[in-house]
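Open the model in your viewer and keep the sequence panel beside it.

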Amino acid sequence: MRWDINSKDQIIIATANTYEMKVFTPDGSLLNKYILDVKPIPVTGEAERKISEILKRVRTGLGVDDPETRKIVEYYPVFNCISIDEKDRIWVERYDPYWRDKTRKEIIFDVFSAEGKFSFTTKIEMDIYPQLKFKNGYIYTLARDESGYRKALRLRMVEE
């Protein structure tokens, strides 16, 4: 689950294993539900083995049901996180499973209006982490270089 709060104090909860977002009032009433039909990327090969081993250790340590009896993970998440900008648009950072062992070259975002209508796709051409913060027409985040060093980053938003 990913979440953020917009300027109207509405809570947006997004489910990362599907492309679903729900908007709730501050008292918990459901206002809207947005679903985008996407085809998930299956976890296979070495990645599946590594993830399964990690989850088996965690689940066994927590006394959760026997992980040997079922497949633990089938698909990568559809997205990493969500952020809400100053116009209450929802920025959804797409998940890219192929960057795990290297620095990412770009991050792609799908941007939706406050009403949940797709607006545009954009990208930031560097490895950033964590989610975006918006203030006074700027985007704030941390950027990571190839050595893993992080620095604060402020980007000017330019809309055409």
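## Stop 1: the second largest pocket

The lining of the second largest pocket divides into 8 nonpolar residues, 1 polar and 3 charged. This is a predicted model, so keep that in mind at every stop. To see the lining, select Trp-91, Phe-120, Thr-122, Lys-123, Ile-124, Met-126, Ile-139, Leu-155, Arg-156, Met-157, Val-158 and Glu-159. The volume of this second largest pocket is about 270 Å³.

Which strand gives the largest share of the lining of the second largest pocket? Colour β8: with 4 residues, β8 gives the largest share.

## Stop 2: the whole chain

Zoom out and switch to cartoon. The protein has 1 helix and 12 strands. Follow the chain along the sequence and the pattern reads β-β-β-β-α-β-β-β-β-β-β-β-β. Colour by accessibility next. Of the 160 residues in the protein, 35% are buried.

## Stop 3: the open sheet

Select β1 through β4. These 4 strands form an open sheet in the order β1-β2-β3-β4, with antiparallel pairing. Which strands sit at the edges? They are β1 (2-5) and β4 (30-35), each pairing on one side only. Look along the sheet to see the twist, which averages 15 degrees from one strand to the next.

Stay with β3 and β4. Strand β3 (residues 20-24) runs antiparallel to β4, and 5 bridges join the two. Pick out two facing positions:

- Glu-20, which stands opposite Ile-35 in β4.
- Phe-24, whose bridge partner in β4 is Leu-30.

Then select the turn. β3 and β4 form a hairpin with 5 residues between them. Within that turn, Gly-28 has a positive phi of about 100 degrees.

## Stop 4: the cavity

Hide the surface and look inside. The structure holds 1 cavity of 30 Å³ or more. How much space lies in the largest cavity? About 30 Å³.

Select its lining: Asn-6, Gln-10, Ile-12, Val-23, Asp-88, Ile-90 and Ala-114. By type, these lining residues divide into 4 nonpolar, 2 polar and 1 charged.

## Stop 5: two positive phi angles

Keep Asp-88 selected from the cavity lining. Asp-88 lies in the loop between β5 (79-84) and β6 (90-94). Its backbone has a positive phi of about 65 degrees, although Asp-88 is not a glycine. Is Asp-88 buried or exposed? Its relative accessibility is 7%, so Asp-88 counts as buried.

Now jump to Asn-136, in the loop between β10 (133-135) and β11 (138-144). Asn-136 is not a glycine either, yet has a positive phi of about 50 degrees. Relative accessibility here is 57%, so Asn-136 counts as exposed.

## Stop 6: the aromatic pairs

The structure holds 8 aromatic pairs. Each pair of aromatic rings is described by the distance of the centres and the angle of the planes.

Start with Tyr-19 and Phe-112. Their rings form an edge-to-face pair, 6.0 Å centre to centre with 70 degrees between the planes. Tyr-19 lies in the loop between β2 (11-15) and β3, and Phe-112 in strand β7 (residues 107-112), so the pair ties together parts that are 93 residues apart in sequence. Both Tyr-19 and Phe-112 are buried.

Move to Tyr-76 and Tyr-95. The ring centres are 5.7 Å apart and the planes are at 25 degrees, so this pair is stacked. Why does the pair of Tyr-76 and Tyr-95 tie together parts that are 19 residues apart in sequence? Because Tyr-76 lies in the loop between α1 (45-62) and β5, and Tyr-95 in the loop between β6 and β7. Tyr-76 and Tyr-95 are both buried.

Key: Residues are numbered from 1 along each chain as its sequence is written. This is a predicted model: local features need pLDDT of at least 70, side-chain atom pairs count only at pLDDT 80 or more; totals for chains, interfaces and linings use all residues. Side-chain values use heavy atoms; hydrogens and water are left out. Two strands pair if DSSP finds at least two bridges between them. Axes are lines fitted to C-alpha atoms, for helices over the stretch in contact, and angles run from 0 to 180 degrees between N-to-C directions. On a 1 Å grid over the protein atoms alone, a cavity is a set of points where a 1.4 Å probe fits but cannot get out, and a pocket is an open set with protein on both sides within 12 Å along at least five of seven lines; lining residues have an atom within 4 Å of a point. Grid points are joined across faces, edges and corners, and a volume is the space filled by probe spheres set on the points. Ala, Val, Leu, Ile, Met, Phe, Trp, Tyr, Cys and Pro count as nonpolar, Asp, Glu, Lys and Arg as charged, and the others, Gly among them, as polar. Buried means under 20% relative accessible area, exposed over 50%, partly exposed in between (1.4 Å probe, protein chains only). Rings of Phe, Tyr and Trp (its six-membered ring) pair if their centres lie within 6.5 Å; planes under 30 degrees apart count as stacked, over 60 as edge-to-face and the rest as tilted.
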